[in-house]
Each structure stands twice: as C-alpha cells, then as structure tokens.
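The tour goes stop by stop, with something to select at each one.

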Amino acid sequence: MDKKHTVRIYAQQSLEDMDETIVAVPILMECDRDEDFSEGVEKVGSTLPILPLRNMVLFPGVAMPVIAGRVKSMRLIRDAVKKKKFIGVCCQKDPAIDEPGQEDLYGVGVIAEIMRVLEMPDGTTTVILQGRKRFSLKAIVGTDPYLTGKIEQLEDTRPKKQDRELEALASTIKDLTVKMLSSTMDPPRDLIFSIRNNQNILYLINFSSCNIIMEADVKQELLAINDLKDRAYRLLFILNREYQLIELKASIQMKTHEDINRQQKEYFLQQQIKAIQKELGSDNINDIEIGELREKAKKKKWTKEVGEIFEKEIVKLERLNPQSPDYSVQMQYAQTIMSLPWSECSRDNFNLKRAGRILNRDHYGMDKVKERIIEHLAVLKLKQNLRSPIICLYGPPGVGKTSLGKSVAEALNRKYVRMSLGGLHDEAEVRGHRRTYIGAMAGRVIENIRKAATSNPVFVLDEIDKVGNDFKGDPASALLEVLDPEQNEHFHDNYLDIDYDLSKVLFIATANSLNTISQPLLDRMELIEVSGYIAEEKMQIALKHLIPKQMDAHGIPDGEIKFDKQAVRLIIDSYTRESGVRELEKKIAKVMRKVARRIADVDGTAIPPVITTALVREYLGAEEYSPDRYQGNEYAGVVTGLAWTAVGGEILFVETSLSRCKGQNLTVTGNLGDVMKESAVIAMEYVRSHAGALGIDEAMFEDRNVHIHVPEGAIPKDGPSAGITMVTSLVSAFTRRKIRNNLAMTGEITLRGKVLPVGGIKEKILAAKRAGIKHIILSDENRKDIGEIKEEYLKGLTFIHASDIMQVINAALLEEKVKG
C-alpha cells in the first residue's frame, strides 16, 4: 500500500442521501501500460472487512468516491485508515436493506484501498476507494463491529502481449466511451485527452464498465467474467446497445424540441397579434367567431346533452391554433351543429278547408293523396305530437308526384325540401362521412334539414325506385333508418355523430315502379298509387294549369291568346302518348314560343287570338302519333287485348292464323317475353284439350300450323294478362266465329281454364275508352278494382266479369261465321 497514484477528480456532485452510493462523476487514475493494480494484495489473508455498497460496483484499478452513512461502515473506514489495511467491497442485491447478510451481497467483490477520507462541509464523510483485485466471497464470518468475510482471490485471464484483436477491441471501447461521455455530459478536455492516451487495456475496460454502464446487475455481470477478452467483447456489446438507445432518445428529443419550438413561436406570434389588435381597439377575429357561436348557443332550444357536446367542441376549438388545418375542420363542425334547427318547428295551419283548396288549386285529381293529407292534418289537430306518416306515391312519369310535395308543404304551412335519389350509389350521401376523412361533410338528409331551418319540413325523396348500390354501400339500406317511424327519432349521421330527431318530418317518396324497391323499404312506407290521366283530365289540367303557366313563362300577357279545346285535344291525342302531362307541357311551350316570336316581331304579323287545330299543326308539324283505335271485327282470330306500360295503358291486338302443313306447330311472334310465350303455349294446350266442347274438329290439329302474332314487333311485350285474349283468338281462328263488336279483354289463363285477376285496371280502362271500346271482359276478382275508379271514367263502358274461360268465349264469340 506504499505506492500512491495520482487521482484526478474532474467534477464533483453532492448527493442528498446518506447511504453509500456512487457519485456520478468519473475519476481517472494515471497508470502504467502493463500495471495490474494488485500490488500489496498478496499480504491479504483469507478474511477481510467487507464494506457493502448500494447501486455501485467497484472494478480493479478504478477510483470511486463513496459517501459513508451507516454506523458499521464508518467504524470499518476509521479502523482501516488507522491500521492502513485493505478492505473488501461488495455490492448489495437490494439497496433497501440496511443490515445485509451474505445472501444479500453479490458473490464477486473487489479488494480496495482507501486513498483519501474527506470531511465535507455538511458533516458527511466521503471516502475515495481504488479497486485492487477481484475476490470471491465465500462466507460472512463476523458482523460486529462490522462485516467480516472469508474470501478467495480471483485471477484475471489476460491474453498474450501484442494481441491485435484485444487492441482493436480496446480502441473501439475507447471511442464509444468518449462518445457516450460526450452525449450524457460536458466532459473536460483533459478527461477526454487522458482516456484517449491511456494505454492500459485492463484499466480502460474496467473504467468503462464502472463509469459508463448504469445498471448495477450489468456491472456485476462484467466483474464476474475472468477472461479479459470475453469481458471486453461483452462490454462492447453493451456499449453499442446503450449508445444506440442514447441516439434514439436524442432523435426523439430533437423532434419534440423542434415541434415545441414551432408551437412556442406560433403562440408567441399569436400573443403579439392579440396585443397589437388590442392596442388598435379590435379583437381577434377567431375569438369573435367563437363568442358569436356561444351567444347563438344560448338561444338554441336543444337538449342538455346536445348543449354539453357543443360546449365541449367549442373548448376543443379554443385550444387549437387558428393557423392549423384542424381549426377550420373543428370550426366547420361547430357551425354545422349550430346551424341545425334543434327542436325548432314551423307552426302547422290546421284549416282543413284551406288545405283542401290549395291541393285542388295546384293538382287535378289525386283524390287519395289529397284525402290522406287532409286526414293527417285532422289527426294532427287533435293530437299535437303525432308522428308524421311516410308516404310513397308511385305511378307513371309526369303525373305530378314530385310537384305535389310543394302543394302539401303550402297546405300545411311547412318548409319544402327535395332530395333526388336517382342514381345514388354511396351510402355516405345519406348518412354522411366520418370526420376522420378529409373533406368530410354531413349527409344530404341532415344538410336538407339545415337548409329548411325547421325540424318538420315536407321532405320529398324523389325517384326512390332508382337508388343503386355498389362497393360504396347500399343507400337503400341506409334509408331504412330514415323512413322507419320507430328509428328515425334517433337518426345517426356519421359526420354529426349526434342523434337527430326526424320523426316530425313529413317524408313523401316518389317512384315509377315498386319492383325495384326492396321489400323492407316498402314495408316502412304507406303506398298510394297515382295513376295516369284520361284525356278529359289532361284537358282540364292544360286549360287550368299548363297554359297559364307557359304564358307567364314566355312573357305573353294574360288574355292575349286563348286555346281552342279542340286544339288542346289534338295535342293530347296526336302529339303526345303518356300517362302524365310532361310531354303535353313541352308541346304547349313550343306553341307559346311560336306565338312569342310573332308578338316580338315588328313586321306587323297578326297575332292569332285563338290557337286552333290548324295553328297547332302549323306550329308542331305533322302529327306524331296515331291514336289507338278499335279495328273492327271483320276477321276471325283477331281479338283486342289491354296492356299496361310505364306510360299508361294501351290496347293491343292478338292475331291468329292457320295454315296447312304436315304435323302441328305453334309459332309465336311480336317480340314477346317468356311469360307471354308461356301464355300462348297454355292457351294452345287448353284449346286442344277442350276441342270437343269448343266445337273444333280434332283433325285440324294434325295438319294445321298455328301462328300467333302481336303487332308492333319493335316494342317488347311481356306479362300474363293476354292469356284469355290468346285463347279467344285461337278459338275464333279454328271455328271462324265472329268476335263481338267493340270488345276488349284482359286476364290470365290457367290450364284448367280459370281466369285470374291482373293489375293496372284503371290504366287499361282509360286506354280502352280512348280507343272507342264499349265492352270489357275482366276476371271476376277484378270487381274490387272497378269499384275504386271514378264513375266518370266508367261512363259508356260495360264490364263482363268471368271466372272461367268458357264464360269469356261465350261472351266474346258470336255464332256468325267470318273469313279468316
């Protein structure tokens, strides 16, 4: 213990706890290249005073300051200094134990020399220890006045001199040590210089193990390795791992620091802007907007829950930087909530007579629809909280289904909004987009409610039968929630993310056909058929509505011209073919343009005071359609049938001819669909199987070819309603019996000869009346349909109801024979 080393303490940091712990400051020793620091330890016997340390592992050659606090530790230090003897240093496994035993200490320690004892100004004692040689603690043999242990010294396995691999390891460890010291503290230049120029490999490895590694158990692992090269490799692995972690932390800290600096800069600039605006006597425009939103919120009639959500969103808005993209998104959301008419409803006008006058003023006919609206208004007058019905008006184009919504809104004194569903494919159009998407917005249902500014408008869902679906979702399924009275009280829009009450909205859906509407959606709506108009109704609509409307649209003064009724009838019969009046309005508009040109022309051309049939032909050109007319009964096998189309009812002719051939064949032509072809086969089979009862020679089926044709082959035709017409045509062709004059028929046939009911009766009756038909044969089950038709539509018609095909044949065929 006679040789002393130069000790350089490059920094000192006081510790507040009074227990043995390492001071987080490197202490560098100056030493020779080959020194092993074990000088004098050969005098150490098999027992040694043991100094337990907390969170600290001492290595041979390394000097380290320790603050002594425990009573036994102070006794040991004073005794060792007085007798100038070595001590043993071991690290505790658990630093919380005050009286450690052998099981509480690691099994490998270091023989140490007390180099200096310093009495600190705060009354504590700091001891500088230097490790000499490793030992293995075999047992604790004494505990008073301090711990004494039985030890066995351990030798380091050192490679041969000039080991290039070990030198390379040492150089790498030296570089990493300097890097890690530089990244965790600001080391003095002398410390860095001394580390780089220290040539003692053992000391360099032990110095790095002691001062660079933080965890005590990792240090203890290194201390227990006997082979110096293995210790160096393990140390290098640990240093690399720790340095990568330091770099990662530094990178994260740098990114965070840059972001904080940017935010602090923006905040500072915002504060400066506020200060400048305050000096100028103006407030921040964003604060003004938020203040206005809060003032408007006080006047809203929304529920407590909605108010709390709105205030929460406003608080979020205040925390955002006005320059950030999220600010405008949050502001838009807050404004959307504010602009909705929460619990704000227009006051209904319960004057039933007034409502009736408005509906009759704007639309001719549609008695069922008008009656349903008046009924709803009457019940609403008696029961204020009645949920609005969901009505679906279906019928051919141009009959006024969509425009009826405006009249209903006026009659009820409600706002009117319309949403076109034709070609709609995206479910988000109904329910909105979630706010996580860029450019998100509320669905069209909520958006139209916002435009209406009331929670009880008349909401027209136009063309609901033309809703599509694809990979973006099924809008028809989304409409189930909108149109379900049990669900729409809590309609959930994805963008709004707050339940909205749609139960007070009067939904009116329109459709041309119910076939393309899903059954669950149909179940939620009250279906009202809006059928086509007869010529007389079109006449009244044209005179009362369309002509005055087009005169005003074209700037023609009221009373300037008049339409002759025959001229209007000519346009209806010869220039349009539809159930509604849309095409009729276009033709009237064309006439008005011709008249307007004459009025605007200054060449003195006389303005006709009355639009006659001659002027209609002059303005509109050649007649576009030939009205369907009954073609007589001079030929056998030609029978008039009735058909329903999307534009209303029509008459059609079923023609049957027979020709001689070998064998019997059935040919069907006229662009017929599968169902209609099946009807022809059924009709032929019935006639063959009942030939005797029908007065037909069975031999005729052996050498006759039967050809059934339905004229206008360019037009596709399908459906079962021509069944009885085909049977009658076949029987007439085989027997040469004459068909009853001015007769038409419609009905499905079965193999047993039963006559089944069909649909579209009103349209078919109107078509028959236009064609001059006097007698119509129907299924007995279609009586109920006749009862729902106005008496004026039935005037001049005779109905024959049949349940069996024989009744049809007896009513339709005369005994008189005619040519085929």
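Which residue forms a salt bridge with Glu99, and how far apart are the closest N and O atoms? Select Lys72: the partner is there, with the closest N and O atoms 3.4 Å apart. Glu99 sits in the loop between strand 5 and strand 6, and Lys72 sits in helix 1 (residues 71-83), so the pair ties together parts that are 27 residues apart in sequence. Glu99 is exposed, at 57% relative accessible area. Lys72 is partly exposed, at 26%. Remember that this is a predicted model.

**Stop two: a longer link**

Select Asp156 and Arg231. Their side chains meet in a salt bridge, 3.1 Å from N to O. This pair links distant parts of the chain, 75 residues apart. Asp156 is in the loop between strand 8 (148-153) and helix 2 (164-184), while Arg231 belongs to helix 6 (residues 228-280). Is Arg231 buried or exposed? Color by accessibility: Arg231 has 0% relative accessibility and counts as buried, because the cut-off for buried is under 20%. Asp156, at 23%, counts as partly exposed.

Move to helix 14 (residues 444-452) and select Arg450 and Glu447. The two residues are three apart, about one turn of the helix. Their side chains form a salt bridge with an N to O distance of 2.4 Å. Arg450 is partly exposed, with a relative accessible area of 30%. Now select Asp79, Lys83 and Lys85: salt bridges that share partners join these residues into one network. How many salt bridges does a search of the whole structure find? The count is 44.

**Stop four: empty space**

Rolling a probe the size of a water molecule over the atoms shows where empty space is left. There are two cavities of 30 Å³ or more. The largest cavity holds about 40 Å³ of space. Select its lining: Leu53, Met56, Val57, Leu58, Val89, Cys90, Cys91, Val108, Gly109, Val110, Gln220 and Leu223. Which elements each supply at least two residues of this lining? They are strand 5 (87-91), strand 6 (108-119) and helix 5 (216-223). Color the lining by residue type: 10 residues are nonpolar, two are polar and none is charged.

Start at Gly400, in the loop between strand 9 and helix 12. Leaving aside neighbours within four places in sequence, Gly400 is in contact with His363 and Met366. Draw a line from Gly400 to Asp601: the C-alpha atoms are 35 Å apart, and the residues are 201 apart in sequence.

Next, select helix 12 itself, residues 401-412. At 1.5 Å a residue, its 12 residues should span 16 Å; the end C-alpha atoms are 17 Å apart, which agrees. Show the buried residues: Lys401, Leu404, Gly405, Ser407, Val408, Ala409, Ala411 and Leu412. What do these buried residues pack against? Two helices come up, helix 10 (352-362) and helix 11 (367-382). The strands are strand 9 (390-394), strand 10 (416-420), strand 11 (458-462) and strand 14 (506-511).

End on Asn413, the residue that follows helix 12. Check its backbone: phi is positive, near 65 degrees.

How values were computed:
Residues numbered from 1 in each chain as written. Predicted model: local features only at pLDDT ≥ 70, side-chain atom pairs only at ≥ 80, totals over all residues. Heavy atoms only, no water. 1 Å grid on protein atoms, 1.4 Å probe; cavity = no way out; pocket = protein on both sides within 12 Å on 5 of 7 lines; lining within 4 Å. Points joined across faces, edges and corners; volume = space filled by probe spheres on them. Helix = DSSP H or I, 4+ residues; strand = E, 2+ residues; numbered from the N terminus. Nonpolar A, V, L, I, M, F, W, Y, C, P; charged D, E, K, R; others polar. Expected span 1.5 Å × (residues − 1). Buried < 20%, exposed > 50% of the residue type's maximum accessible area, 1.4 Å probe, protein only. Contact = heavy atoms within 4.5 Å. Salt bridge = Lys/Arg side-chain N within 4 Å of Asp/Glu carboxyl O.
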